[in-house]
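Subject: Structure handover

Hello,

Here is the structure I said I would pass on. My notes on what was found in it follow below.

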Amino acid sequence: MMVADVIFYLFATVTVLSALGVVGARNPVHSVLFLVLAFFSTAGLFVLMGAEFLAAILVMVYMGAVAILFLFVVMMLDVDFSMLRRESVRYLPMGFVVGAVMLAELGLMMAHHPGEGLHLGLDNTDNTLAIGQALYTRFLYPFEVASLILLVALIGAVALTHRERKRVHRQDISTQLARTKEDAVELRKVASGEGA
Amino acid sequence: MLEHYFPILVLLGAALAIGGGAMGFSYLVGPKRPYHEKLDQYECGFAPLGRIRMRFDVRFYLIAIIFIVFDIEAAFLFPWAVAFESIGLIGFIEMMLFLSVLLVGYAYVWKKGALEWE
């Protein structure tokens, strides 16, 4: 599978470069767009590994929704980013420490469990099917809890950000359609010369 | 499995070639004579009054969050649909339960008027 190798290195390179772009871009909006590119090429890597479901989720949820959310945050905050950038050098050592710890964790995991994942006793190779069979049987309870978590997120978002706007002209189509000639039009006979 | 993705790879290549080609070619061929006014933000004739980045209304954010929640709901539907035959009636009831919980959220959002845009 030479082709797959070439494609792997292509996607991996794009992932690393766009990750660098996220950190290094001068315009924060460009950072978010680099993030979208990183998500996309990671999805490509997932497909190469056979994790189709993860790839689909990455494209659908992360690129479709999370990236947009990031974009809104960047646009809403209106922070002076050049100022922020000058200060961010101070946090560089801490960032390296966090990165090193994560790398060490990944390395440890790879060293101790090479090529071995969570075994669910499912012997089929279809990734999405395996997830479905596990999620809706063995992990039934966490799955239902997930719906409640989503509900909380939904209600929380509405409660925090939504406020009723008074004094705005809103179009109410059913009221418009319910108007009749009788209650909307008034005909008056005006005597000639009397009209104001 | 990977050979199923070959058409997508071809599509990706074509998209990159067309998009990159259009931008790259116009960059190579087009004249470039930039000066300050040309690169400035657009205002109708007068010197720009403020900065170009303006703050967005928080309502965009609300819509995006509502979208994320239902996006994740849709993501849960995929493995359910694929594994539907093997998980049987219990799986069906489970998913209906899941959907009905989120339907409550949907009704709440609708009732609150969060989907309205004045």
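Phe60(B) lies in helix 3 of chain B; helices here are DSSP runs of H or I with at least four residues, strands are runs of E with at least two, and both are numbered from the N terminus. Phe60(B) counts as partly exposed because its relative accessibility is 33% (buried is under 20% relative accessible area, exposed is over 50%, and partly exposed is in between, with a 1.4 Å probe and protein chains only).

Before the rest, some conventions. This is a predicted model, in which local features need pLDDT of at least 70 and side-chain atom pairs count only at pLDDT 80 or more, while totals for chains, interfaces and linings use all residues. Residues are numbered from 1 along each chain as its sequence is written, chains are lettered from A and ligands numbered from 1 in the order in which they are written, and side-chain values use heavy atoms, with hydrogens and water left out.

Surface patch

Phe60(B) is one of the residues that make a nonpolar surface patch of about 710 Å², together with Ile63(B), Leu103(B), Tyr106(B), Trp110(B), Leu115(B) and Trp117(B). For such a patch, nonpolar side chains (Val, Leu, Ile, Met, Phe, Trp, Tyr) are joined within 5 Å, from residues with over 30% relative accessible area and no salt bridge (a side-chain nitrogen of Lys or Arg within 4 Å of a carboxyl oxygen of Asp or Glu). Areas come from the Shrake-Rupley method with a 1.4 Å probe, and for residues only the protein chains shown count as cover. Helix 3 (58-82) and helix 4 (84-112) of chain B each supply at least two patch residues, and helix 4 gives the most, with 3.

Nonpolar core

The largest nonpolar core has 31 residues, and those with the most contacts inside it are Tyr136(A), Phe143(A), Ile66(B), Phe76(B) and Phe98(B). A core is a set of buried Ala, Val, Leu, Ile, Met, Phe, Trp, Tyr and Cys residues joined through side-chain atoms within 4.5 Å. Helix 3 (52-77) and helix 7 (140-161) of chain A, along with helix 3 and helix 4 of chain B, each supply at least two residues of this core. Its largest share, 9 residues, comes from helix 3 of chain B.

Leaving out residues up to four places away in sequence, Phe98(B) touches Phe143(A), Glu144(A), Ala146(A), Ser147(A), Leu150(A), Glu73(B) and Phe76(B) (contact means heavy atoms within 4.5 Å).

Chain A

Chain A has 9 helices and 0 strands. Of its 196 residues, 28% are buried.

Regards

Conventions
Patches are made of residues with over 30% relative accessible area and no salt bridge: like charges are joined within 9 Å, nonpolar side chains (Val, Leu, Ile, Met, Phe, Trp, Tyr) within 5 Å.
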